[in-house]
Amino acid sequence: MLRLQGVISAGGGRGTLGHATLAPLIERAFRKGKPDAVALAINSPGGSPVQSALIGAHVRRLAEDLKVPVHAFVEDVAASGGYWLAAAADDVWVDASSITGSIGVISAGFGFQDFIARYGIERRVHTAGTDKSMLDPFRQERPEDVERLKAIQSRIHDHFIAHVTERRGARLDTARDLFSGDVFVGAEAVEAGLADGLAHAGPKLRELYGDKVRITQLGQRKPLLQRLVPGILDAALTSLEERASWARYGL
């Protein structure tokens, strides 16, 4: 059982999931001791679409090469990129209160142009390329920048939809708009075809593989300094962003 808990980020720091740090654990999960199956215990509000794709693709590649089934068990939340990871499994199981879905793309920021103007601060930017300073937070937002951003988001969203459609196939309820960014709780996800049923990891794995099944737990370990002095290496802004990601789902 590979525990995937945290915001998905290329940094792969404390409390985050990144492919570079997860890759050795993924390899170990599939190769050590020739397992009958690999289970993913997922608790993630999402994050980087690229890191989600890299992690999910690594799981699928080993599952197919080694002919090892993969089961995903959602705990509190597998939303956005977290659901991308869940969809990499052959089946997805949720708790009655698990939050899944949020199949969309979001970008958020701040505008500081009025703030700096109030204090007599002049913003000076010199670029080669008219779009190089796109969405600069210290100047007035331009409609053409927003249009460009939405085009980028749309392409990423299409990739997300294609991944879920390929992995879940005929199980999806095509009569519903599952890709609006909405979230689904417990049985709602099962009805929508985003999950296969309500189940917890231990009982479900015993049902599938017998009462004598042995589960080996794998997960990321915190670096020594972070274990001795929790949070000493955290950047304040990164920590706030991660907290905001969880807070979107009331967690």
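**View 1. E144, at 44% relative accessibility, counts as partly exposed.** Here a residue is called buried under 20% relative accessible area, exposed over 50% and partly exposed in between, with a 1.4 Å probe and protein chains only. The partner of E144 is R142, and the two form a salt bridge in which the closest N and O atoms are 3.8 Å apart; R142 is likewise partly exposed, at 22% relative accessibility. A salt bridge is counted when a side-chain nitrogen of Lys or Arg lies within 4 Å of a carboxyl oxygen of Asp or Glu. The structure is a predicted model, in which local features need pLDDT of at least 70 and side-chain atom pairs count only at pLDDT 80 or more, whereas totals for chains, interfaces and linings use all residues. Residues are numbered from 1 along each chain as its sequence is written, and side-chain values use heavy atoms, with hydrogens and water left out.

**View 2. A salt bridge joins E75 and R3, with the closest N and O atoms 2.9 Å apart.** This pair links distant parts of the chain, since E75 belongs to strand β5 (residues 70–79) and R3 to strand β1 (residues 2–5), 72 residues apart. Strands (E, at least two residues) and helices (H or I, at least four) are DSSP runs, numbered from the N terminus. E75 is partly exposed, with a relative accessible area of 29%, and R3 is partly exposed with a relative accessible area of 29%.

**View 3. R60 and D90 meet through their side chains in a salt bridge of 3.5 Å, N to O.** Because R60 lies in helix α2 (residues 49–66) and D90 in the loop between α3 (81–87) and β6 (91–94), the pair ties together parts that are 30 residues apart in sequence. R60 counts as buried at 12% relative accessibility, whereas D90 is partly exposed, with a relative accessible area of 30%. By the salt-bridge rule the count comes to nine.

**View 4. A nonpolar patch on the surface is formed by F110, F112, F115, Y119, I121 and F138, which together have about 660 Å² of accessible area.** Patches are made of residues with over 30% relative accessible area and no salt bridge, like charges being joined within 9 Å and nonpolar side chains (Val, Leu, Ile, Met, Phe, Trp, Tyr) within 5 Å. Accessible areas come from the Shrake-Rupley method with a 1.4 Å probe, and for residues only the protein chains shown count as cover. F110 is placed in the loop between β7 (99–101) and α4 (113–118), and it counts as exposed, at 68% relative accessibility.
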